[in-house]
Amino acid sequence: MKQRIIINADSYETRVAILEDDAVAELFVERADQRRHVGNIYKGRVNAVLPGMQSAFVDLGLAKTGFLHASDLAESLSELEDGDLEENGHRRRRAPVPKIEDHLKKGQDILVQITKESIGTKGPRVTQQLSLPGRFCVLMPGVDHSGVSRRIEDRAERQRIKAIISDQKPKGVGLIARTAGEGKGEADFVADVKHLVKLWQKIERKAKTVRAPGLVHAELEMTAGLIRDLFTDEVEEVIIDDPDAFKEIQVYMKSVSPELQDRVKLYQGRVPIFDAFGIENEIEKTFERKVWMKKGGYICIDHAEALVAIDVNTGRFTGKKNQEETILRTNLEAAREIPRQLRLRDIGGIIVIDFIDMEIEANKRALIDELRHELRKDRARTKAFTVSDLGLVEMTRQRERSSLLHYYTQDCPTCSGLGKVPSFETMLVRLERAMRRVAAAGGHRRITVKVNPEVALYFVEQEGRRFAELEKRFKLVVDLKDDPQLKQGEMKVMTVKKQDITKEVVGAIPGM
């Protein structure tokens, strides 16, 4: 598989696209005023300890308070064994969770690291289990274990690397060899470990002088961090359009992987770099609900409060054999497209996929095998369960930040994110009920009704006769006025004396 990293950098926003076989697989965006916090280490102050939730809230000096679960206490690492840690420092299995009230108290200063960005109303997720990623290793203070990335599959290579890092591992810290370390010599690991140990010593010194809450260590900015984490021998080239950033990457690669330095190239074309590689069009498509597949089927992606629902449809694909074969081919194609969309849109959390129902059990097994095979390409942790009797697949994907949809968009001011607004017919029924209430209350012969201009036009042009009938039935004169400041679902009712009686006479529409 051909991989390329395309970087578009300017003073306001930096975008990094990962291309696999010329198709956009992942997209990362960072704005100058919205720098990511994942990886940052803070000296925080415990605001509250909640034994009932086995969690604590930690003041980091940020806009929102950090959330610390008991499973992320430093003490919960004591039961882990060799090999229980993944490349990024996450645990592969749950260790016994200590009681949080036995280890933390309100007002206590602790060192924590952000593992998940603040999303919506939730504050950032933090951990006491610190990890410092380098080019070839990850150093974990307080963990006396070593391991090798599971993505390095060759047994002999794993044993070779394990022997190197075991010899180089200082006391009192853990070391995990990263995928980028495959094929590297002992000197590369020695230099990387030396750099990480110095970094940790610097963090320890600064932690003693910083007043809580305060920042102790800032993770690399997005471009440098991604180059460190993703630029391996498998990447054919890195192309960037900013001369200053190009020089910085060149200097960095010269110090850590000089053999890859010539793969970093400066883009000098007249056409914007993302347009030249067809990336801009792909970004626009990430906001679309419907995604068409090559054979004519399509998937629909809907974001709900607690989960993301994905529906699979045959669309224009009719197949050439029987119905079961057509459905299987559509489902298999969707099983390849959905993981790509999850990575591209950076969708995380709980995901429910509604595949088309199949009758044959072997086809269901083939479907879940294909889905899991594609999910292995994802750097984020994923877990997919078997196909249910309803054709549903429940899965989870690690979430560190908001999806691209939430990053680039905001709720519609008209529908407030519902995606629907009251129809013109509904607004007319709403007016009829308001007139009925005014008439029943008595005391008013004339009222003023203000609505959105589009609604007013519909009342006059399409329903003029019915409007007149309502006035006659309720013996009420209605002065209809359009108000551009009102949304399509809003209505305002005023008396002759300009008294606002909207709340008394206009009923709420379900869902509005």
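Me: How do you know how many disulfides there are in this predicted model?
Reply: A disulfide requires a pair of cysteine sulfur atoms within 2.5 Å. By this rule, the count in the predicted model comes to zero.

Me: Why is Cys300 called buried?
Reply: Buried means under 20% relative accessible area. Cys300 has a relative accessibility of 6%, and therefore counts as buried.

Me: What makes Cys412 partly exposed?
Reply: The relative accessible area of Cys412 is 34%. Partly exposed lies between the cut-offs of under 20% for buried and over 50% for exposed, so Cys412 is placed in that class.

Me: What percentage of the residues of the protein count as buried?
Reply: Of its 512 residues, 46% count as buried.

Me: Where is Asp302 found, and why is it called partly exposed?
Reply: Asp302 is found in strand β17, which covers residues 298–303. Its relative accessibility is 32%.

Me: What makes the pairing of Asp302 and Arg289 a polar contact?
Reply: A polar contact needs a pair of N or O atoms within 3.5 Å, one able to donate a hydrogen and the other to accept it. The side chains of Asp302 and Arg289 are joined by such a contact of 2.6 Å. Leaving aside neighbours within four places in sequence, Asp302 is also in contact with Leu307, Val308 and Ala309.

Me: What is noted about phi of Asp21, and why is Asp21 called partly exposed?
Reply: Most residues other than glycine have a negative phi. Phi of Asp21 is near 55°, a positive value in a residue other than glycine. Asp21 is found in the loop between β2 (13–20) and β3 (23–31). With a relative accessibility of 48%, Asp21 is not over the 50% cut-off for exposed, and therefore counts as partly exposed.

Me: Is Asp346 buried or exposed, and how do you know?
Reply: Asp346 has a relative accessibility of 13%, which is under 20%, so it counts as buried. Asp346 lies in the loop between α7 (323–345) and β19 (349–354). Its phi is positive, at about 55°, although Asp346 is not a glycine.

Me: Which peptide bond is described as cis, and where is its proline?
Reply: The peptide bond from Ala212 to Pro213 is cis, with omega near -5°. Pro213 has its place in the loop between α2 (186–209) and β13 (214–217).

Conventions
Residues numbered from 1 in each chain as written. Predicted model: local features only at pLDDT ≥ 70, side-chain atom pairs only at ≥ 80, totals over all residues. Heavy atoms only, no water. Buried < 20%, exposed > 50% of the residue type's maximum accessible area, 1.4 Å probe, protein only. Helix = DSSP H or I, 4+ residues; strand = E, 2+ residues; numbered from the N terminus. Contact = heavy atoms within 4.5 Å.
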